[in-house]
Amino acid sequence: MARIVKNRDVRRSEILEVAQRLFYQKGYEQTSIQDIINEIGIAKGTFYHYFGSKQELLDAIIEWMVGQTLQTLQPVVEDEQLSALEKFNQYFAQAENWKVENKTFFLDILRSWYNDDNAIFRHKIETASIREVIPTLAKIIEQGIAEGVFAAHDPVEIAEIIMGIGYQFSRSIAAILLDTAANEYCLPQVEKKVTAVQFAIERVLNAPAGSITVFDIERTKHWFD
């Protein structure tokens with residue numbers, strides 16, 4: 001049988017996709033390069049042609065994932081027809097919508113994502129996401145200041161604080177979802193967290209009361225269907 005030779009970019013993307021899936025399923029620490037090679041069915045030399053080590057592969061996955069996120073969000077930021085408040089709310093709603101629309105997949109990977117074996121992977125993703133997303137979010141905040149709906153002295157610093165609030169909220173909701181007893185009786189707790197987070201972000205931005213809806217409580221309820 002003739003050997004299948006794939007385009008360099010195609011092969012690299014394949015390695016990234018398979019490695020990402022295995023990291024989610026097994027954990028970064030528990031996934032070996034040999035696991036990835038076996039899953040794809042390539043020679044070890046082929047792997048090392050693209051990545052010099054597992055750490056280098058991890059860095060490439062993080063860059064790839066963050067790049068995909070920014071590519072999705074950029075049209076919102078660049079849309080001249082949207083106000084700063086509309087951009088800000090849509091910016092966060094897109095990520096939440098994806099999770100709800102892919103609920104089964106997301107719940108499948110959630111437990112592995114917060115497993116200790118994925119601590120390095122999780123920390124690096126969060127750190128890279130915050131670092132790369134902050135400049136884009138700061139542009140929206142700058143627009144809001146110009147429109148008079150936000151009052152922030154330093155858009156970059158405020159963007160970093162908001163990202164931190166968002167990640168802490170995500171961890172709190174994940175803890176509830178990962179609790180085997182989590183059900184509709186947890187909704188009041190979730191609603192309190194959503195209200196508190198949105199109030200905190202409004203205060204950080206000095207935005208009008210009730211103007212920030214980065215987490216839609218109605219969509220959040222779908223997690224408990």
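This is a predicted model: local features need pLDDT of at least 70, side-chain atom pairs count only at pLDDT 80 or more; totals for chains, interfaces and linings use all residues.

Residues are numbered from 1 along each chain as its sequence is written, and side-chain values use heavy atoms, leaving out hydrogens and water.

**Stop one: a helix crossing**

Select residues 8-26, helix H1, and residues 54-78, helix H4. Helices here are DSSP runs (H or I, at least four residues), numbered from the N terminus. The two pack at an angle of about 95 degrees, with axes 10 Å apart; axes are lines fitted to C-alpha atoms over the stretch in contact, and angles run from 0 to 180 degrees between N-to-C directions. That makes H1 and H4 roughly perpendicular. Now show side chains: the contact (heavy atoms within 4.5 Å) includes Ile 15, Leu 16 and Phe 23 of H1 and Leu 57, Ile 61 and Trp 64 of H4. By class, the contact of H1 with H4 has 11 nonpolar, 1 polar and 3 charged residues, where Ala, Val, Leu, Ile, Met, Phe, Trp, Tyr, Cys and Pro count as nonpolar, Asp, Glu, Lys and Arg as charged, and the others, Gly among them, as polar.

**Stop two: salt bridges**

How many salt bridges does a search of the whole structure find? It finds 7, each a side-chain nitrogen of Lys or Arg within 4 Å of a carboxyl oxygen of Asp or Glu.

- Pick Glu 39 and Arg 21, which meet at 3.2 Å, N to O. Glu 39 sits in helix H2 (residues 33-40) and Arg 21 in H1, 18 residues apart.
- Pick Asp 35 and Lys 26, bridged at 2.9 Å, N to O. Asp 35 is partly exposed at 23% relative accessible area (partly exposed lies between buried, under 20%, and exposed, over 50%, with a 1.4 Å probe and protein chains only).
- Pick Asp 59 and Lys 124, at 3.9 Å, N to O. Asp 59 is in H4 and Lys 124 in helix H7 (residues 119-147), so this pair ties together parts 65 residues apart in sequence.

**Stop three: Met 163**

Finish in helix H8 (residues 155-178), at Met 163. Is Met 163 buried or exposed? Buried, because its relative accessibility is 8%. Not counting residues up to four places away in sequence, Met 163 touches Ser 129, Ile 130, Val 133, Ile 134 and Leu 137.

How values were computed:
Angles under 35 degrees count as roughly parallel, over 145 as roughly antiparallel, 65 to 115 as roughly perpendicular and the rest as oblique.
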